[in-house]
Amino acid sequence: MIKTVSTTPFQDQKPGTSGLRKKVPVFAQTNYAENFIQSIFDSLEGFQGQALVIGGDGRYYNREVIQKAIKMAAASGFGKVMVGQGGILSTPAASNIIRKYKAFGGIILSASHNPGGPTEDFGIKYNIGNGGPAPEKITDAIFARSKVIDTYKIADVADLDLDQLGSFDVAGMAVEVIDPVADYAELMEQLFDFPSIRALIASGVNVVIDSMGAVTGPYATEILQKRLGAPEGSVRNATPLPDFGGHHPDPNLVHAKDLYDDVMSPNGPHFGAASDGDGDRNMIVGKGMFVTPSDSLAIIAANATVAPGYARGIAGIARSMPTSAAADRVAEKLGIGMYETPTGWKFFGNLLDAGKATVCGEESFGTGSDHVREKDGLWAVLFWLNIMAARNESVEEIVKKHWAEYGRNYYSRHDYEEVDSEAANQLIAALREKLASLPGQSFGALKVATADDFAYHDPIDGSVSKNQGIRILFEGGSRVVFRLSGTGTSGATIRVYVERYEPDAAKHGIDTQEALADLIAVADQISELRKRTGRDKPTVIT
Ligand code: G16
């Protein structure tokens with residue numbers, strides 16, 4: 001019943017910021033997915049007889065790869081697979097299942113915020129027993145294995161019916177098809193004050209969530225509509241579809257513009273939120289106020305104790321390096337630890353496991369805590385609703401008061417997508433060459449204080465991750481950061497992050513792009529971005 005199949009290695013299976021992401025036609029090549037899954041198993045030790053969690057965001061090709069993964073797990077000696085009904089598990093829900101049922105690890109199938117469909121994106125990611133993305137040590141081992149693999153093992157059995165809940169046998173291995181929502185909804189109910197949020201909604205605060213045709217639909221429907229009493233229709237685009245209904249499931253001001261416009265209109269909802277393909281990102285919009293992800297992290301941290309799950313206080317905050325320093329001011333005031341990590345949720349895992357950080361966040365619309373080991377879109381939405389209910393204030397009031405107390409970090413990210421890879425690499429290389437000569441140089445009123453290529457020394461395991469982004473810091477706390485995205489699937493994406501700190505509340509009402517205009521111009525001057533890429537404006541501004 002177990003077949004050993006000969007294969008030839010692919011040389012391009014290097015996991016990026018979050019797993020292996022490629023176009024569906026790449027994944028659909030003979031043995032491509034099998035090679036990568038076997039490379040994962042070959043890089044792990046001690047899983048015989050243990051449980052593996054499998055699920056994905058429902059995108060095109062999800063079910064096909066789940067069938068392969070189940071049969072290969074059986075052939076490799078896992079004792080049990082837990083798989084979400086219909087092949088569905090949001091990324092945070094998968095993390096929760098791994099932790100709650102003490103599974104050995106999990107395979108999550110998603111390309112996150114990238115579009116889905118026969119010619120769009122797909123992805124495979126391995127998460128370890130703490131529920132978080134595999135650290136670099138493991139992803140490096142998987143890549144090394146994928147380059148030399150010559151066989152894989154698979155059970156030669158019929159496909160499993162993924163739509164039927166219950167326990168089944170696949171080639172001698174137990175498979176449980178589980179409700180993807182129940183455990184997650186229960187966890188949220190433990191962390192947040194559901195009665196207060198229910199009362200807030202009952203009082204007439206109109207809350208909508210746009211699930212963008214992706215995985216959070218069933219989760220948001222159960223929690224917001226069934227448990228918190230929001231009227232039917234409050235969750236929009238609520239059915240997960242293989243092509244996300246044609247949506248680009250990236251919750252930002254470009255792809256969730258309809259929601260933004262609706263909340264900003266006089267008769268629109270008071271509060272709007274959107275999530276991404278696999279449910280780990282979030283966007284928060286209140287009437288009159290878009291909340292930047294960096295501010296969202298700072299505000300959640302500053303108000304954490306209103307939520308029952310965090311009433312004892314938070315131990316520390318972690319943010320990725322390109323995320324604004326708004327949270328740093330909160331940590332300073334609370335007298336707790338602040339950690340700056342490279343981009344990638346995997347870098348938070350050690351800090352969370354060691355109890356050094358309780359809440360974490362990234363500028364890329366990611367926020368989360370030690371309740372799981374992934375960022376968590378609906379968690380952030382519920383945290384905001386809990387804060388609004390506890391303070392009896394709107395999003396706009398909460399944000400403005402926060403700025404008045406801590407100062408405002410004006411912040412924006414400019415993305416240049418699908419740039420020629422060679423040109424992008426040269427731009428970064430040229431910046432690296434300039435680093436030593438920048439400090440002391442003035443660009444108009446801006447004087448460079450320091451410049452470096454960010455390197456992270458993990459305080460828990462001592463590992464070092466180099467070349468994590470070019471930082472140019474100016475006197476007074478402004479900065480620009482350049483890095484190449486590790487999640488794109490065609491060409492290169494250059495990200496330029498721009499930040500200015502403004503302590504004076506009288507100057508908190510300026511348009512963000514205007515407030516950052518001189519820094520944006522200097523970023524172009526130093527990097528020669530327009531000249532090198534031939535682009536005259538970013539593809540996406542967030
Ligand atoms: C992933 C990672 C995040 C990271 C984001 C953007 O998110 O989990 O930690 O911030 O990619 O990465 P990059 O700037 O390299 O494209 P997701 O939601 O895509 O899994």
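Asn392 is placed in the loop that runs between helix 13 (377-391) and helix 14 (395-406). The structure described here is a predicted model, and in this model Asn392 has a positive phi of about 55° although it is not a glycine. Most residues other than glycine have a negative phi. With a relative accessibility of 66%, Asn392 counts as exposed, because exposed means over 50%.

A positive phi is also found at Asn237, where the angle is about 45° although this residue is not a glycine. Asn237 belongs to the loop between strand 11 (235-236) and helix 9 (257-264). Its relative accessible area is 33%, so Asn237 is classed as partly exposed.

Two further residues belong to the buried class. Thr7 sits in the loop between strand 1 (2-6) and strand 2 (20-23), and at 10% relative accessibility Thr7 counts as buried, because the cut-off for that class is under 20%. The side chain of Thr7 makes a polar contact of 3.3 Å with the side chain of Asn31, and a polar contact of 2.8 Å with the side chain of Asn35. Ile317, in turn, is part of strand 15 (residues 316-320), and with a relative accessible area of 0% Ile317 is buried. The C-alpha atom of Ile317 is separated by 8.0 Å from that of Asp328, these two residues being 11 residues apart along the chain.

The ligand is surrounded by 19 residues, of which the closest are Glu362, Arg483, Gly486, Thr487 and Arg495. The residues of this shell divide into 1 nonpolar, 10 polar and 8 charged.

| Residue | Side-chain atom | Distance to a ligand oxygen atom |
|---|---|---|
| Glu362 | polar atom of Glu362 | 2.5 Å |
| Ser485 | polar atom of Ser485 | 2.6 Å |
| Arg495 | N or O atom of Arg495 | 2.6 Å |

Taken alone, the ligand exposes 460 Å², and the protein buries 98% of that area. The space that the ligand takes up is the second largest pocket.

Which residue among those in the table is also listed with the closest residues around the ligand, alongside Arg483, Gly486 and Thr487? Both Glu362 and Arg495 are on that list of closest residues.

Methods. Residues are numbered from 1 along each chain as its sequence is written. This is a predicted model: local features need pLDDT of at least 70, side-chain atom pairs count only at pLDDT 80 or more; totals for chains, interfaces and linings use all residues. Side-chain values use heavy atoms; hydrogens and water are left out. A residue is near a molecule or strand if one of its heavy atoms lies within 4 Å of it. A polar contact is a pair of N or O atoms within 3.5 Å; within protein, one must be able to donate a hydrogen and the other to accept it, and residues adjacent in sequence count only if both atoms are side-chain atoms. Accessible areas come from the Shrake-Rupley method with a 1.4 Å probe; for residues, only the protein chains shown count as cover. On a 1 Å grid over the protein atoms alone, a cavity is a set of points where a 1.4 Å probe fits but cannot get out, and a pocket is an open set with protein on both sides within 12 Å along at least five of seven lines; lining residues have an atom within 4 Å of a point. A molecule sits in a cavity or pocket if more than half of its atoms lie within 2 Å of its grid points. Ala, Val, Leu, Ile, Met, Phe, Trp, Tyr, Cys and Pro count as nonpolar, Asp, Glu, Lys and Arg as charged, and the others, Gly among them, as polar. Helices (H or I, at least four residues) and strands (E, at least two) are DSSP runs, numbered from the N terminus. Buried means under 20% relative accessible area, exposed over 50%, partly exposed in between (1.4 Å probe, protein chains only).
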